[in-house]
Amino acid sequence: PVRPRARPARPPPRPEAVVTKKSDLAAQLLAKIALRHPVPEPLPEATLLEQGLYAVLLRRLPPDRAQSALKNLAAAYPDWNEARVSQLQELSSVLQVGKRGIESAADVKTFLQEVFQESHGLDIEFMREDATAAARLVKDLKFLGLAQGHYLLWLASGGNLPMTAELARVLDRLGLISRTTSIKKASAAVAPLLGKSTQLDFVVRFGEVASRWCDKKPLCHECVLVDGCKHGKKAFKEWKVQQARLEAQRKKEEARLEAQRKKDEARR
């Protein structure tokens, strides 16, 4: 018998084709992510703590008023620890931002207190020298969040692509990089997908995803990227099955209680 000819093996995709495909996917995903807070324009000659304060003030104020408020704070409190322990009303009067004064003062105090607790001080310039310690600090600054936290890391690295374990986890689940515990390998895998001018937008927007939905226990059913995420689709399907089961249990319990109510009523 004549053996059928084996089909020639398909050649593996060229590396540049894979990179282009992932770059296109990254652009499509980025377009779906809306930021809760604006990304600041870096302030010249500001410390990293001041850059963080400016980012926090921008949550409620336009850029010109946020910059003015930061200058007022720096003039009134040469020692930032004095601002941390000040009363809200005092901080509000220093900020001079009108109706948003108390809210903005509360944001300032919360940020300063969080930095103080996690770094045991209010000088975070060490982030420029120690990338590992910087990433660890940003992860713990829950109020600042990973979107604005990655902005601080970008500043601390001199405008280079920052990478954290949280960001690598998101990118792995989305299929943009392969799973790795090495931050250096993750950064090297991401860099070819981006232009230099898009790196900040990339890490900030995916930092938003990491903060809001893609933790160790992800909220895939709420995530805006669930349709483009293999991990998310599976988790979302399981969540819907669980919700259907809970709804069936709820209706069953309602029917049981109603039957009991009628029985008690008849007895009375």
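Student: Which residues lie nearest the centre of the largest cavity?

Tutor: This is a predicted model in which local features need pLDDT of at least 70 and side-chain atom pairs count only at pLDDT 80 or more, whereas totals for chains, interfaces and linings use all residues. Residues are numbered from 1 along each chain as its sequence is written, and side-chain values use heavy atoms, with hydrogens and water left out. A cavity is a set of points, on a 1 Å grid over the protein atoms alone, where a 1.4 Å probe fits but cannot get out, and its lining residues have an atom within 4 Å of a point. The largest cavity is lined by 15 residues, and those nearest its centre are Cys 214, Cys 220, Cys 223, Cys 229 and Gly 232.

Student: Which helices each supply at least two residues of that lining?

Tutor: Helices here are DSSP runs (H or I, at least four residues) numbered from the N terminus. By class, the lining of the largest cavity has 12 nonpolar, 2 polar and 1 charged residues, where Ala, Val, Leu, Ile, Met, Phe, Trp, Tyr, Cys and Pro count as nonpolar, Asp, Glu, Lys and Arg as charged, and the others, Gly among them, as polar. The helices that each supply at least two residues of this lining are α9 (165–173) and α12 (230–267).

Student: How are α5 and α6 oriented to each other, roughly parallel or roughly perpendicular?

Tutor: Helix α5 (residues 88–95) and helix α6 (residues 101–119) have axes 8 Å apart and pack at an angle of about 110 degrees, with axes fitted to C-alpha atoms over the stretch in contact and angles running from 0 to 180 degrees between N-to-C directions. Angles under 35 degrees count as roughly parallel, over 145 as roughly antiparallel, 65 to 115 as roughly perpendicular and the rest as oblique. The two helices, α5 and α6, are therefore roughly perpendicular.

Student: Which residues of α2 make the contact with α8?

Tutor: Helix α2 (residues 48–57) and helix α8 (residues 145–156) pack at about 150 degrees with their axes 10 Å apart, which makes α2 roughly antiparallel to α8. On the α8 side the contact (heavy atoms within 4.5 Å) is made by Gln 148, Tyr 151, Leu 152, Leu 155 and Ala 156. On the α2 side, it is made by Leu 48, Gln 51, Gly 52 and Ala 55.

Student: How many charged residues does the contact of α8 with α11 have?

Tutor: The axes of α8 and helix α11 (residues 199–212) come within 6 Å and cross at roughly 145 degrees. Residues meeting across this contact include His 150 and Trp 154 in α8 and Val 203 and Glu 208 in α11. By class, the contact has 8 nonpolar and 4 polar residues, and the number charged is 1.

Terms used
1 Å grid on protein atoms, 1.4 Å probe; cavity = no way out; pocket = protein on both sides within 12 Å on 5 of 7 lines; lining within 4 Å.
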